[in-house]
Amino acid sequence: MRTTSCIALALALAACGDRDVGPLDPLPPPRPPAPAAPEVVVEPSSIPEPTEAQRAMHDRYDAVAAMRRALVRGELDVAQAVARSIGPVAAALPAAAEPLRGLVPERAARVAAASDIGAASRAFGALLEGCGRCHAAAEARWTFDTPARPGDAEGERMRRHEWAVERMWEALVVEDHDRYDLGAAMLADAPLGEDAALAALVAGVRASAAAGRDAPSMGARAEAYGDVLARCAECHRHYGALEAAGVR
């Protein structure tokens with residue numbers, strides 16, 4: 001049996017040696033090395049560094065914006081604390097704006113001394129008129145983006161009010177009558193609502209906005225804006241009371 005196994009193994013090996021298995025597949029070529037990462041050259045920015053006066057103005061703009069937010073929410077103490085932080089700019093100003101250096105701090109002091117939200121809001125309107133006058137004298141001009149107008153659905157009512165007040169605020173800062181009219185026109189047509197007390201407040205907002213829209217000077221428009229802001233704060237206070245009572 002062992003002899004038979006050996007003979008079978010020999011015949012199998014011989015058969016393998018006679019079979020034509022064909023050429024072997026060639027090995028794939030080696031991958032080329034990855035290209036070197038391109039050198040990144042950082043060009044110096046073409047945007048000039050802000051001047052000392054510009055940095056001071058940016059800080060002041062942020063403070064004035066914070067004051068406005070506090071007044072709209074009815075937070076008189078917060079608005080007055082911000083107003084007290086606004087002092088004269090130490091940096092050099094353009095010659096035409098130099099006589100106006102103390103205008104905004106003087107009007108901020110009126111906000112800080114106001115006895116109630118209404119008086120503070122009207123003083124704030126005068127402050128914004130001072131901002132615009134100084135910017136015009138310094139020929140400091142810039143543009144604001146204009147977001148899309150909110151829709152006419154009832155649920156969009158407060159967003160429309162907010163959109164309108166924003167345009168009026170921006171207009172006073174840069175003395176732009178057309179931009180002011182965008183916001184005033186929307187508020188002048190604001191729906192009154194069903195609640196009697198709320199409708200009376202909205203009617204006051206409409207009247208103030210219409211007066212501002214028809215006013216010829218930025219001073220008069222700033223006064224109307226102050227009235228609008230005061231009525232907004234009162235409306236928000238009343239609206240909050242309605243929410244607490246479950247009416248809204």
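Helices α6 and α7 are roughly antiparallel to each other. Angles over 145 degrees count as roughly antiparallel, under 35 as roughly parallel, 65 to 115 as roughly perpendicular, and the rest as oblique. This is a predicted model, in which local features need pLDDT of at least 70, side-chain atom pairs count only at pLDDT 80 or more, and totals for chains, interfaces and linings use all residues. Residues are numbered from 1 along each chain as its sequence is written, and side-chain values use heavy atoms, with hydrogens and water left out.

## Overall build

The protein has nine helices and zero strands. Its pattern along the sequence is α-α-α-α-α-α-α-α-α. Helices (H or I, at least four residues) and strands (E, at least two) are DSSP runs, numbered from the N terminus. Of the 248 residues in the protein, 38% are buried. Buried means under 20% relative accessible area, exposed means over 50%, and partly exposed lies in between (1.4 Å probe, protein chains only). Take the contacts between residues at least 6 apart in sequence: 63% of them join residues at least 24 apart. A contact means heavy atoms within 4.5 Å.

## Two helix pairs

Helix α6 covers residues 157-174 and helix α7 covers residues 177-188. They pack at an angle of about 150°, and their axes are 7 Å apart. Axes are lines fitted to C-alpha atoms, for helices over the stretch in contact, and angles run from 0 to 180 degrees between N-to-C directions. The crossing of α6 and α7 is left-handed. That label applies if the near helix is turned anticlockwise from the far one by less than a right angle; clockwise gives right-handed.

On the α6 side, the contact is made by Arg160, His161, Trp163, Ala164, Val165, Arg167, Met168, Glu170, Ala171 and Leu172. On the α7 side, the contact is made by Arg179, Tyr180, Leu182, Gly183, Ala184, Met186 and Leu187. This contact holds 11 nonpolar, two polar and four charged residues. Here Ala, Val, Leu, Ile, Met, Phe, Trp, Tyr, Cys and Pro count as nonpolar, Asp, Glu, Lys and Arg as charged, and the others, Gly among them, as polar.

Glutamate 170 lies in helix α6. At 5% relative accessibility, glutamate 170 counts as buried. Leaving out residues up to four places away in sequence, glutamate 170 touches Phe144 and Arg179.

Now α2 and α3. Helix α3 spans residues 76-84, and α2 packs with it at an angle of about 160°, the axes 8 Å apart. That makes α2 roughly antiparallel to α3. The crossing of α2 and α3 is left-handed. Ala63, Met67, Ala70 and Leu71 of α2 meet Val78, Ala79, Val82 and Ala83 of α3. The residues of this contact are eight nonpolar, no polar and no charged.

Alanine 66 also lies in α2. At 22% relative accessibility, alanine 66 counts as partly exposed. Alanine 66 and alanine 79 are 13 residues apart in sequence and 7.4 Å apart in space, C-alpha to C-alpha.

## The aromatic cluster

The structure holds two aromatic pairs. Rings of Phe, Tyr and Trp (its six-membered ring) pair if their centres lie within 6.5 Å; planes under 30 degrees apart count as stacked, over 60 as edge-to-face and the rest as tilted.

| Pair | Centre to centre | Angle between planes | Type |
|---|---|---|---|
| Tyrosine 61 and tryptophan 169 | 5.7 Å | 55° | tilted |
| Phenylalanine 124 and tryptophan 169 | 6.3 Å | 5° | stacked |

Tyrosine 61 lies in helix α2 (residues 52-72) and tryptophan 169 in helix α6, so their pair ties together parts that are 108 residues apart in sequence. Phenylalanine 124 lies in helix α5 (residues 117-137), so its pair with tryptophan 169 of α6 ties together parts 45 residues apart in sequence. Ring pairs link Tyr61, Phe124 and Trp169 into a cluster.

Tyrosine 61 is partly exposed, at 31% relative accessibility. Tryptophan 169 counts as buried, at 2% relative accessibility. Phenylalanine 124 is buried too.

## Two loop glutamates

Glutamate 139 lies in the loop between α5 and α6. It has a positive phi of about 55° although it is not a glycine. Glutamate 139 is exposed, with a relative accessible area of 69%.

Glutamate 175 is placed in the loop between α6 and α7. Its phi is positive, at about 55°, although it is not a glycine. At 28% relative accessibility, glutamate 175 counts as partly exposed.
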